[in-house]
Structure formats: C-alpha cells, structure tokens
Amino acid sequence: MGMPIIRPGNGSRDQAITDVIESIALQETALSHILNAEGEKMQAFIAAKDIQPNDLLRLNCAVAKFVRTITKLEFLLDAKLELALNFTGEGAC
C-alpha cells in the first residue's frame with residue numbers, strides 16, 4: 001500500500017466530514033497491516049526450534065500489551081467516527 005494522496009478540500013462541512021471518515025478508514029487499514037505483520041512475527045517466533053517456555057511467556061506479555069494498545073486506538077477511532085456521524089445528523093452507530 002502506498003502513501004495516501006491528501007488533497008486540499010473545498011472547505012465545506014460535508015467535505016470535512018468526508019475527510020474525517022476517510023482518515024478513520026486509512027487508520028483502520030494501517031492497523032490491519034500492523035496486526036498482520038505482528039501475527040507473522042509471532043508465527044515465526046513460535047516456529048523457532050530452540051524456543052523456551054520463558055520465551056513464550058515474554059512473547060505472551062508483549063502480545064497482551066500490543067493488543068491493549070490497539071484496543072485503545074480502536075476506542076479513539078470509534079469516538080472519532082461517532083463525532084463525525086453526529087455532525088451528519090445520522091447519529092452514532
């Protein structure tokens with residue numbers, strides 16, 4: 001995925017709302033790529049021949065912290081979407 005092209009808007013309220021919703025979609029896409037890469041790293045780590053139980057425990061702690069961080073980001077994106085939908089008059093989902 002390449003860098004998104006961000007064009008200046010026309011300054012209208014509708015364009016601003018569209019831009020906010022588009023930014024949420026871009027952030028969700030980025031998070032999905034990060035999650036996929038982390039999953040592939042975990043699979044490679046687990047498949048290592050000389051892995052020890054303590055290594056798995058450290059991996060588990062790192063994954064738990066990562067998931068908590070992603071969850072916090074998802075809450076922020078949800079709040080951002082609710083705000084955008086409230087401005088459209090559609091209300092929150």
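Predicted model: local features only at pLDDT ≥ 70, side-chain atom pairs only at ≥ 80, totals over all residues.
Let's begin with helix 1, which covers residues 13–46. Helix 1 has 34 residues, and the distance from its first C-alpha to its last is 50 Å, close to the 50 Å expected at 1.5 Å a residue. Ile17, Ile24 and Leu31 are buried in this helix. What lies over the buried residues of helix 1? The cover includes helix 2, the element that spans residues 53–88.

How do the two helices sit against each other? Two packed helices are described by the angle between their axes and the distance between the axes. Here the axes of helix 1 and helix 2 come within 10 Å and cross at roughly 170 degrees. An angle over 145 degrees counts as roughly antiparallel, so helix 1 and helix 2 are roughly antiparallel to each other. Sorted by class, the residues in the contact between helix 1 and helix 2 are 20 nonpolar, 3 polar and 6 charged.

Leaving aside residues up to four places away in sequence, Met42 touches Leu59 and Val63. Met42 and Asn60 are 18 residues apart in sequence, and their C-alpha atoms are 9.5 Å apart in space. Met42 counts as partly exposed because its relative accessibility is 26%.

Now for the charged side chains, where the count comes to 2 salt bridges. In one of them, Glu38 pairs with Lys41, and the closest N and O atoms are 3.0 Å apart. Glu38 and Lys41 are 3 residues apart in helix 1, so about one helical turn separates them. An α-helix has 3.6 residues a turn, so residues three or four places apart point the same way. With a relative accessibility of 24%, Glu38 counts as partly exposed, whereas Lys41, at 52%, counts as exposed.

Asp55 and Arg58 both lie in helix 2, 3 residues apart, which is about one turn of the helix. Which of these partners is buried and which is exposed? Asp55 is buried because its relative accessible area is 19%, under the 20% cut-off, while Arg58 is exposed at 54%. Beyond residues up to four places away in sequence, Asp55 touches Phe45 and Asp50.

Notes
Residues numbered from 1 in each chain as written. Heavy atoms only, no water. Helix = DSSP H or I, 4+ residues; strand = E, 2+ residues; numbered from the N terminus. Contact = heavy atoms within 4.5 Å. Expected span 1.5 Å × (residues − 1). Buried < 20%, exposed > 50% of the residue type's maximum accessible area, 1.4 Å probe, protein only. Axes fitted to C-alpha atoms, helices over the stretch in contact; angles between N-to-C directions. Parallel < 35°, antiparallel > 145°, perpendicular 65-115°, else oblique. Nonpolar A, V, L, I, M, F, W, Y, C, P; charged D, E, K, R; others polar. Salt bridge = Lys/Arg side-chain N within 4 Å of Asp/Glu carboxyl O.
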